[in-house]
Amino acid sequence: MRIEEHPILSFENEKRKKIKFIFDGKEYEGLEGDTIASALHAAGVKVLGHHYANNRPRGFYCAIGNCSSCLMTVDGEPNVRICVEELKEGMVVETQKGKGELK
Amino acid sequence: MITTEIAIIGGGPAGLSAAISAASLGAKVAILERDGRLGGQLIKQTHKFFGSEKQYASTRGFDIAKILEEEMEKYKDKIDIYTNATVLGLYEDGVLTIEHNKKYMKMKPEKIIVATGASEKFLSFPNNDLPGIYGAGAVQTLMNEYGVKPGNNVLMVGAGNIGLIVSYQLMQAGVRVKAIIDAAPQIGGYLVHASKVRRAGVPILVSHTIKRAHGKESVEGATIWQLDERWQPIEGTEKYLDVDVICISVGLSPLTEFLWQAGCEMKYIPELGGHVAIRDENLETSVNGIFIAGDVAGVEEASSAMVEGRLAGICAANSLGYGDDRFEELRRDYTEQLKSLRSGPVGAKIVSGLSKVTVKKQFA
C-alpha cells in the first residue's frame, strides 16, 4: 500500500531502486530508502511476530526505535528493531521465536 | 578517546538549535544522533508551523530541518556530527559511552546538552496490543517518510494537535478517517486544525473513548462509547467502527533514561508529560554541566524546543567562558521568545508545569 499521489510530498516510487529480500522463506520486494518495517507494511505484512509468553500477535507501535514491539531476526541476528533498520538487498528477515538467541 | 567541549545528545530540532547557538559563540560541539540522519521528527512534519518568524512560522517542518542543517554549515569547523550513534551511558569520570556504527566509542565532553525528545504514550483497553494499533507519530513516519499507507480506515484516538494534524495527513495520503475521538469534553488541539478535518467530513466526538479493539491477528474494528461528566462510560452508547487501523494520540512522555542514569534530580509533572529534570533558568540540571532542551525538558512543540535548544546552547557555551559580550542579550531574547510561545491557554499549562521544576538560582 504505497502512496501514489500526495499534495505536498513526492515519493517517486517508480524511480526508486527495487530491493529484494527474504521474509520467512519467501521473496519480497521493497524500495530504496525503506526500513524493513515499511517494506513489510507496504507488502501487507502487519504481524511481525508473536509474544514469547502469551503468543499474541505483535506489530510495530512507534516506528522510531523506542518501543521494541517490532523485534525480528535479521541475517541471523535476533532482536533487531526493524522499524529503524534500513532494508538492504538480499536481507533474510525472520519472525522471531521466543526471546531470540545469539549464535 | 574523543574529546569535545559540548556533547549534544539528540539531533532533532532542540539538539541542532543547541549546536548552532553554542558553536556561534565559539564552542566546539559534537552532535550524537542515534538515527542515520539528522532532523529528528521534523523530517515527517509536512504541516506549516505556527509561532513567529524567529521560529520559522509558516514553514513546513521538513523544510525547517533543512534550514537548520544549512545553518550548521556556517559552523562546520566547530560542529562534529555523529549519526548512527546511540549514547549508552555516562560514567563517573565524565566519559560518555556510545555505540557508533555498531562499534563502541568513548567521548569525554566538558558539558552535555540532553535533547533526546519524547516517546508516544499508550492507552489501556482490551486488545490494545493488536497489530494495526499504532502511535499517531508512527503513522506519520510510515506515510511521510516512507510513503506507505497504514491501512484503509482509521480511528484516531485523541483530538490534540498531533491527532488532528495526523488525521489531516492521513486524508492527504488517501486514507479514510472514520472518526476522531477524545475523552475530554473539548478538543485539545488548535481549532484551526479541527475545523480543517471537520470541513473534510470527519466527525470529532468529544467525551468519547475506545471500549475495545476487535480482531484476531490484526485490527478488524473498534467499539467506542461515550463518557459522562465524571469520565465514566455510559452503557448503551457503544458504536462499532469498521476500521483496520487505530491511531493512539494521547500525548508524549519525555525520554529521560539518560538523565536518570546521570543522577539528575527528577520530578513527576503531568503538565509536562511525565518525569522531568529539575533545572535552573539556564536549563542546567541538578548535575553540574548537564543541560536539557526540547521535549525531554517537558513536552511542548518543536517551536519552543528550538528556542530552548538555542538557550541551552548559549548557556553551556557561556559556562565554558564563551560569548561574554553577547550572552545576556541573547539569553533575554530567547527567554522572551519562550514567554511569547507559551502565552495563551495551552501555554498556561506548560508555564504552570515549568514553575514546579524551575529553580531560581543556578546549581552550585
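**A walk through chains A and B**

Let's start with the layout of chain B: its domain assignment gives domain 1 (2–119 + 252–359) and domain 2 (122–244), with bounds that come from an automatic or database domain assignment. Before going further, some housekeeping: this is a predicted model, where local features need pLDDT of at least 70, side-chain atom pairs count only at pLDDT 80 or more, and totals for chains, interfaces and linings use all residues. Residues are numbered from 1 along each chain as its sequence is written, while chains are lettered from A and ligands numbered from 1 in the order in which they are written.

Back to the two domains of chain B. Their C-alpha centres lie 31 Å apart. The contact between them takes five residues from domain 1 and seven residues from domain 2, where two residues are in contact if their C-beta atoms, placed from the backbone, lie within 7 Å. On the domain 1 side, the residues split into one nonpolar, three polar and one charged.

Now for the open sheet. Five strands of chain B make it up, in the order 8-15-9-10-11, and the pairing is parallel. Helices (H or I, at least four residues) and strands (E, at least two) are DSSP runs, numbered from the N terminus, and two strands pair if DSSP finds at least two bridges between them. Strand 8 (133–135) and strand 11 (204–206) of chain B are the edge strands, each pairing on one side only. From one strand to the next, the twist averages 20 degrees. Zoom in on strand 9 (residues 153–157) and strand 15 (residues 245–248) of chain B, and you'll find four bridges joining them; B:Val154, for instance, has B:Val245 in strand 15 as its bridge partner.

Two helices of chain B lie across strands of this sheet. Helix 3 (residues 136–144) lies across strand 8, strand 9 and strand 15, running at about 85 degrees to strand 8. Helix 4 (residues 161–172) lies across strand 9, strand 10 (176–182) and strand 15, and runs at about 170 degrees to strand 10. For these angles, axes are lines fitted to C-alpha atoms, for helices over the stretch in contact, and the angles run from 0 to 180 degrees between N-to-C directions.

Helix 3 turns up again where the chains meet. There, 26 residues of chain B are in contact with 30 residues of chain A. Strand 7 (118–120), strand 8 and helix 3 of chain B each supply at least two residues to the chain B side, with helix 3 giving the most, at five residues. That side divides into nine nonpolar, eleven polar and six charged residues.

Elsewhere in chain B, the pairing is antiparallel. Strand 4 (residues 85–90) and strand 5 (residues 96–100) of chain B pair that way over five bridges, with B:Thr86 standing opposite B:Glu99. These two strands form a hairpin with five residues between them, and B:Gly94 in the turn has a positive phi of about 85 degrees. Strand 5 is also joined by five bridges to strand 6 (residues 103–114) of chain B, again antiparallel, and B:Leu96 has B:Met107 as its bridge partner there. This hairpin has two residues between its strands, including B:Asn101 in the turn with a positive phi of about 45 degrees.

Methods. Ala, Val, Leu, Ile, Met, Phe, Trp, Tyr, Cys and Pro count as nonpolar, Asp, Glu, Lys and Arg as charged, and the others, Gly among them, as polar.
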